Amino acid sequence: MPATTPVAQDFVPYATAAIDFHRALNIPTGPLVASRAELDSLHEHLVALHGLLDAHAQRTAALLPAEGDHLKAARTRLWQAADHLHAAYHASPRPGSGEVPGPEACRARRPEGAPELSICRRHQETAQLVRRRTTPADLHAPFTGLVRR
């Protein structure tokens, strides 16, 4: 009888179920706009997914270039989504005052201080990885790169 190696627990389905459960519980009765806390949590989730896809893309590309291309394209799209979430966070109403920052405040990219700065720290740390793994052309292209068949 061949020896079997134990497979590491796959937690991704649980994370997906948790997001679906969160949406079902909180969105129908929630506020009309996403809160900053919600946007921060979603950003954190996308950055974690970006890291997971980055690890898969790096390991796979050397062995299966076509699959690696697809994983790299998915990783780039996740970064673009995280970048938009970061921008949405800074454009959303501030807690307490409900004040919505003006366009000039968003363009100036002024940090708002802790704890709100945690999303910016996470975003900047991930941006360093993105700059090492992708080119500016990849990030701004309507198509995320060559996909082999």
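Modeller: Let us take tryptophan 79 in this predicted model, which, once its neighbours within four places in sequence are set aside, is in contact with His50, His123, Thr126, Ala127, Val130 and Leu139. Tryptophan 79 also belongs to the largest nonpolar core, a group of 15 residues, where Leu46, Trp79 and Ala82 are those with the most contacts inside the core. Three helices, α2 (36-61), α3 (65-91) and α5 (117-133), each supply at least two residues of this core, and the largest share, six residues, comes from α3. As general background, nonpolar side chains in soluble globular proteins tend to be buried together.

One of the partners of tryptophan 79 deserves a look of its own, namely histidine 123, which lies in helix α5. Is histidine 123 buried or exposed? Its relative accessibility is 4%, and because buried means under 20%, histidine 123 counts as buried. Leaving out residues up to four places away in sequence, histidine 123 touches His43, Trp79, Ala82, Asp83 and His86, and two of the names in that list, Trp79 and Ala82, are also among the residues with the most contacts inside the core.

From here we can turn to the way α2 and α3 are arranged. In general, two packed helices are described by the angle between their axes and the distance between the axes. For α2 and α3 the angle is about 160°, and the axes are 8 Å apart. Since angles over 145 degrees count as roughly antiparallel, α2 and α3 are described as roughly antiparallel to each other. The crossing in which α2 passes α3 is left-handed, and the contact of α2 with α3, sorted by class, has 18 nonpolar, eight polar and six charged residues.

Apart from residues up to four places away in sequence, glutamine 58 touches Arg75 and Arg133. Alanine 61 has its place in helix α2 as well, but alanine 61 is buried, with a relative accessible area of 18%. The C-alpha atoms of alanine 61 and lysine 72, which are eleven residues apart along the chain, are separated by 8.5 Å, and alanine 61 touches both Gly68 and Lys72 when residues up to four places away in sequence are not counted.

Finally, this part can be set within the whole chain. Of the 149 residues in the chain, 26% are buried, and histidine 123 and alanine 61 are examples of buried residues. Among contacts between residues at least 6 apart in sequence, 72% join residues at least 24 apart.

Terms used
Residues numbered from 1 in each chain as written. Predicted model: local features only at pLDDT ≥ 70, side-chain atom pairs only at ≥ 80, totals over all residues. Heavy atoms only, no water. Core = buried A, V, L, I, M, F, W, Y, C linked by side-chain atoms within 4.5 Å. Buried < 20%, exposed > 50% of the residue type's maximum accessible area, 1.4 Å probe, protein only. Helix = DSSP H or I, 4+ residues; strand = E, 2+ residues; numbered from the N terminus. Contact = heavy atoms within 4.5 Å. Axes fitted to C-alpha atoms, helices over the stretch in contact; angles between N-to-C directions. Parallel < 35°, antiparallel > 145°, perpendicular 65-115°, else oblique. Left-handed = near helix turned anticlockwise from the far one by under 90°. Nonpolar A, V, L, I, M, F, W, Y, C, P; charged D, E, K, R; others polar.
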